[in-house]
Amino acid sequence: MDKFVLAQFSDTHVCRSGELLNNGINSNRRLEKAIEYLLNHSIRPDALIVTGDLVQEGFDEEYAQLKTFLDPVIKRFPVYLCLGNHDSHASFYRHFSEYPGIAGSQGLENWKKGRMTDLAVSYSVELFNSKLVVLDSLQNGSARGLLVGSQLKNISNLSKDIENQNNILAIHHPPISSGNATMDTICLENPETLEKLLNLFPTFSLILSGHIHRTIISRFAGCTVCICPSTAHLYPIDLTPTNTLPTREQPGYFLHRYLENKGWISQLISLEL
Ligand SMILES: [Fe+2]
């Protein structure tokens, strides 16, 4: 029997109303479709996490559009948000300061004080008997990810108080190689730092990421890594700088179910287009 169901969307790449992505894909329509699936699926989620690249360019109007999509969802269950390399701290805080985990976070407080640094969207929340820790790997002006010291310190501080090992870490840039040379040039720059920390505090069992726009499952520092496909479009496994057209594969999302005595079980839900 499900003890908890955490849905994961990623790389929603929401555009301004009426706009399409450069490749002609209507990411807004596809997110609406994913939400329709989520809310009508026989397995009812207890919460949703979106693992970054929430919007396409970081514009205020895009976050306003995203909010119109997510506000009906948050009336049903909590929605947790994580930033990716397409996001913008300031625009995000202007629209989502009241969302769970964001309110009261250090990054939000720094933004309210007008600071231009230490704006990371990083927080932790309780999920039944587990913790969800959201990290921010966004580096302004770069598609590559980086975990800075303050966030790594958060993990070690939190981990000291965590007793069980079913906790979840969410980070847009996966800490593993995707196996694709093009994507791996815009990877997380310092996975070894995270690895050392997770080996020191083995309290996490699942790492949820996005960024690659494909489904990839692997292991890292004793955790299962689930790279969630985009709700907008998938990139080919042999993506190259000259072959960046999305595939015709169906986009989708994950349902992570926590089952008594079994731990987390993740399954992919594909969207029919
Ligand atoms: Fe993306």
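The legends below describe close-up views of a predicted model. Local features are described where pLDDT is at least 70 and side-chain atom pairs count only at pLDDT 80 or more, whereas totals for chains, interfaces and linings use all residues. Residues are numbered from 1 along each chain as its sequence is written.

**View 1. Helix H1 and helix H2 in contact.** Helices (H or I, at least four residues) and strands (E, at least two) are DSSP runs, numbered from the N terminus. The axes of helix H1 (residues 27–40) and helix H2 (residues 60–74) come within 11 Å and cross at roughly 5°, and H1 is therefore roughly parallel to H2. Axes here are lines fitted to C-alpha atoms, for helices over the stretch in contact, and angles run from 0 to 180 degrees between N-to-C directions. Angles under 35 degrees count as roughly parallel, over 145 as roughly antiparallel, 65 to 115 as roughly perpendicular and the rest as oblique. From H1, the residues Asn28, Leu31, Glu32 and Ile35 meet Gln65, Phe69 and Val73 of H2, where contact requires that the C-beta atoms of two residues, placed from the backbone, lie within 7 Å. Sorted by class, this contact of H1 with H2 has four nonpolar, two polar and one charged residues; Ala, Val, Leu, Ile, Met, Phe, Trp, Tyr, Cys and Pro count as nonpolar, Asp, Glu, Lys and Arg as charged, and the others, Gly among them, as polar.

**View 2. The five-stranded open sheet.** Five strands with mixed pairing form an open sheet in the order S3-S2-S1-S10-S11, two strands being paired if DSSP finds at least two bridges between them. Strand S3 (79–82) and strand S11 (263–270) are the edge strands, each pairing on one side only, and the twist from one strand to the next averages 20°. Strand S10 (residues 252–259) pairs with S11 over eight bridges in the antiparallel sense, and Leu259 has Gly263 in S11 as its bridge partner.

View 3. Strand S2 (residues 47–51) and S3 pair in the parallel sense over four bridges, with Leu48 standing opposite Val79 in S3. In a regular strand the side chains alternate between the two faces of the sheet. In S3, Val79 and Leu81 point one way while Tyr80 and Cys82 point the other way, and all are buried. A residue is buried if 20 or more other C-beta atoms lie within 10 Å of its own, exposed if 12 or fewer, and partly exposed in between, with C-beta atoms placed from the backbone. S2, H2 and S3 together make a right-handed β-α-β unit, right-handed meaning that, with the strands pointing away from the viewer, the path from the first strand over the helix to the second runs clockwise.

**View 4. The six-stranded open sheet.** Six strands form an open sheet with mixed pairing, in the order S4-S5-S6-S7-S9-S8. The edge strands, each pairing on one side only, are strand S4 (123–127) and strand S8 (216–220), and neighbouring strands of this sheet are turned by 20° against each other on average, direction ignored. Strand S5 (residues 130–134) and strand S6 (residues 167–170) run parallel and are joined by three bridges, and Val134 has Ala170 in S6 as its bridge partner. S8 and strand S9 (residues 223–227) run antiparallel, joined by five bridges, and Ile216 has Ile227 in S9 as its bridge partner. The hairpin of S8 and S9 has two residues between the strands, and within this hairpin Ala221 takes a positive phi near 50°.

**View 5. Loop residues with positive phi.** Asp118, in the loop between helix H4 (106–112) and S4, has a positive phi of about 55° although it is not a glycine. Asp118 counts as partly exposed because 15 other C-beta atoms lie within 10 Å. His211, in the loop between strand S7 (204–209) and S8, likewise has a positive phi, near 75°, in a residue other than glycine. His211 is buried because 28 other C-beta atoms lie within 10 Å.

View 6. Val148 is placed in the loop between S5 and helix H5 (149–161), and it counts as partly exposed because it has 17 C-beta neighbours inside 10 Å. The C-alpha atoms of Val148 and Ala120 are separated by 9.3 Å, although these residues are 28 residues apart along the chain. Ser177 lies in the loop between S6 and helix H6 (181–184) and is partly exposed, with 14 other C-beta atoms within 10 Å. Ser177 and Gly210 are 33 residues apart in sequence and 12 Å apart in space, C-alpha to C-alpha.
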